[in-house]
Amino acid sequence: MKIMSEVRKGLNSGISMKCEMCNFQEIIWTEDPHNEKMPVNTAAVSGILKIGGGFANLEEFLSTLDIPPLSSKTYQKEHNTIATAREKVAEIEMYSAAMEEKQLAVQAGEIGPDGFPTLTVVVDGCWAKRSYRNNYSSLSGAAAIVGFRTKKVIYMGVRNR
């Protein structure tokens, strides 16, 4: 077998090999395409996001290991996939927490005059201040609503001006 070339898709590499006897050609990937684990590109981006880093941090980390980095396009694609999945999970969990809080309010007999359960919640929000001598207000803020009984997040939001 003779190595012909390498194909890279982020951190996943395909080695193109050719048999010199029968001319059979095959690409062997460094990651099994039938593996049910998280793909290496997704895992790398997810890992760097979990420690509070971004593209430049991942690029620097991989270069320290002498591994060719992901392209910014591949990084952004994986980042968007992860962000979408996290938003879906958060939405499902917040809905579940709200339904649990509702059920506990019904069990406690806390029903309003209109027939709807009355939920007790704790709300907090913030709008950051910064000192660049320009209005001292940040362009973004965040808020959260937490159920009083369950202590679970019912709503979380970020707003940018």
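Predicted model: local features only at pLDDT ≥ 70, side-chain atom pairs only at ≥ 80, totals over all residues.

Let me start with helix H1, which spans residues 40-50. Which residues of H1 are buried? They are Asn 41, Thr 42, Ala 44, Val 45, Ser 46 and Ile 48. Just after H1, Gly 52 adopts a positive phi of about 85°.

I turn now to the packing of H1 with H3. Two packed helices are described by the angle between their axes and by the distance between those axes. Here the axes of H1 and H3 come within 9 Å and cross at roughly 70°. Angles of 65 to 115 degrees count as roughly perpendicular, and H1 and H3 are therefore roughly perpendicular to each other. On the H1 side, the contact is made by Asn 41, Thr 42, Val 45, Ser 46, Ile 48, Leu 49 and Lys 50. H3 contributes Thr 74, Tyr 75, Glu 78, His 79, Ile 82 and Arg 86.

Finally, I come to Ser 138, in strand S5, residues 137-147. Is Ser 138 buried or exposed? Buried means under 20% relative accessible area; Ser 138 has 11% and is therefore buried. Ser 138 and Phe 55 are 83 residues apart along the chain, and their C-alpha atoms are separated by 23 Å.

Methods:
Residues numbered from 1 in each chain as written. Heavy atoms only, no water. Helix = DSSP H or I, 4+ residues; strand = E, 2+ residues; numbered from the N terminus. Buried < 20%, exposed > 50% of the residue type's maximum accessible area, 1.4 Å probe, protein only. Axes fitted to C-alpha atoms, helices over the stretch in contact; angles between N-to-C directions. Parallel < 35°, antiparallel > 145°, perpendicular 65-115°, else oblique. Contact = heavy atoms within 4.5 Å.
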